[in-house]
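Subject: Structure handover, helix packing and pockets

Dear colleague,

I am passing on the structure below, and I would be glad if you kept it open while you read the notes that follow it.

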Amino acid sequence: MTTEPTPATRPQVRPPVRDLPAYVPGKPPAARVGLTTYKLSSNENPYPPLPGVLEAAVEAAARMNRYPDMACAGLYAALSDKLGVPTTRLAAGTGSVAVLYHLLQAFCASGDEVVYAWRSFEAYPIAVAVTGATSVQVPLTLEARHDLDAMAAAITDRTKVVLVCSPNNPTGTSVHRAELETFLDRVPAHVVVVLDEAYREFVRPLGGPDSFDGVDLQRTRANVVAMRTFAKAYGLAGFRVGYVVASEEVAAAVRACALPFGVSSVAQAAAVASLEREAELLERVEAITAERTRVADALAHQGWTVPDPQGNFVWLPLGDRTGDFATTAERAGVMVRPFAGEGVRVTIGEPAGNDVFLSAAAQFAP
Ligand SMILES: *Cc1c(COP(=O)(O)O)cnc(C)c1O
């Protein structure tokens, strides 16, 4: 006797999607009478748009009845010029997170594996799960750095993609060039390695032996992908634009999975205008890294041992005191990004906001 399966009584969400972890966005501060508040919870750039960028966006907004250029021709031409790569090696999207979704869609299906360090960027487990693939999370070292040996060892015949986040969100540590090259030599040629360089502009010394350039690495390694964004150093977080530089084949696959007309006209215009203003941009990045040094020195003076901060943020390993610290900081007017039981990530913002953070940190100093 055979029994008919009972028909479902409501729409059935795919299990990996049903069980997705939630992305926790950094909270904005609540407005408070008589207290200046600072949002140091989302690694945003504290500066207003660069001169001329707002004007370029406004000009593009005047054509909002038209679709954007789906081929992103102006943006690809500007990036091609700046990076010295043909436009056929570029794929843009609505933020680098969107480009990562497209890339994973192009390479991963149910049963495949994606290897990355943990803790790292919280978008990774979500993006991987959406494809139905399995996350293989490799713990960071005790210094909160990528354990590249363990990551290489975690690659199996089911691995399709490896994600390397440098500087790592949220711990701030960077992967060094020599260790990365050794790692890349060990990765099978058919496994895609995405180098998430969201914070590369903040690495110091940039071009030193401890830094790498993903765009250079992908020139000679067809499985390496450099992923970059306009959200952090370029200050365009609200406009959503990021891109990858990859081999022609990989870039074409990523573009094929992209939503049509994803990157808006205003975002394309603002990104192009920002690329034209590199000098002013780099001045601001320099000011943020100088401020980062001031904050890190003050923390060390208070007795903290923090991982070497190479992004526009610092990581305070607070363990069980994480929630208490976030509450104390919020009362003082600063929103940080807590990771329950682990620590807080604090963006380098305006000096006055950083000072409020430092006085909260002093109360919790070890
Ligand atoms: C902020 C961030 C990004 C950029 O995300 P967008 O979608 O471009 O805003 C990518 N990777 C990491 C690790 C980040 O922290």
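In this model, helix H2 passes helix H10 in a right-handed crossing, where right-handed means that the near helix is turned clockwise from the far one by less than a right angle, and left-handed means anticlockwise. The model is a predicted one, in which local features need pLDDT of at least 70 and side-chain atom pairs count only at pLDDT 80 or more, while totals for chains, interfaces and linings use all residues. Residues are numbered from 1 along each chain as its sequence is written, and side-chain values use heavy atoms, with hydrogens and water left out. Helices (H or I, at least four residues) and strands (E, at least two) are DSSP runs, numbered from the N terminus.

Two packed helices are described by the angle between their axes and the distance between the axes. Here an axis is a line fitted to C-alpha atoms, for helices over the stretch in contact, and angles run from 0 to 180 degrees between N-to-C directions. The axes of H2 (residues 53-61) and H10 (residues 265-275) come within 8 Å and cross at roughly 150°, which makes H2 roughly antiparallel to H10; angles under 35 degrees count as roughly parallel, over 145 as roughly antiparallel, 65 to 115 as roughly perpendicular and the rest as oblique. In their contact (heavy atoms within 4.5 Å), Val53, Ala56, Ala57, Ala60 and Ala61 of H2 meet Ser265, Val266, Ala269, Ala270, Ala273 and Ser274 of H10.

The second pair is H4 and H9, whose axes lie 8 Å apart at an angle of about 105°, and that makes H4 roughly perpendicular to H9. Among the residues that meet there are Val99 and Phe107 in H4, and Val250 and Cys257 in H9.

Turning to pockets, each is an open set of points on a 1 Å grid over the protein atoms alone, where a 1.4 Å probe fits, with protein on both sides within 12 Å along at least five of seven lines; lining residues have an atom within 4 Å of a point. Volume is the space filled by probe spheres set on the points, which are joined across faces, edges and corners. The largest pocket has a volume of about 530 Å³, and of its 28 lining residues, Tyr23, Ser42, Phe121, Lys232 and Arg240 are the closest to its centre. H4 gives the largest share of that lining, 3 residues.

With best wishes
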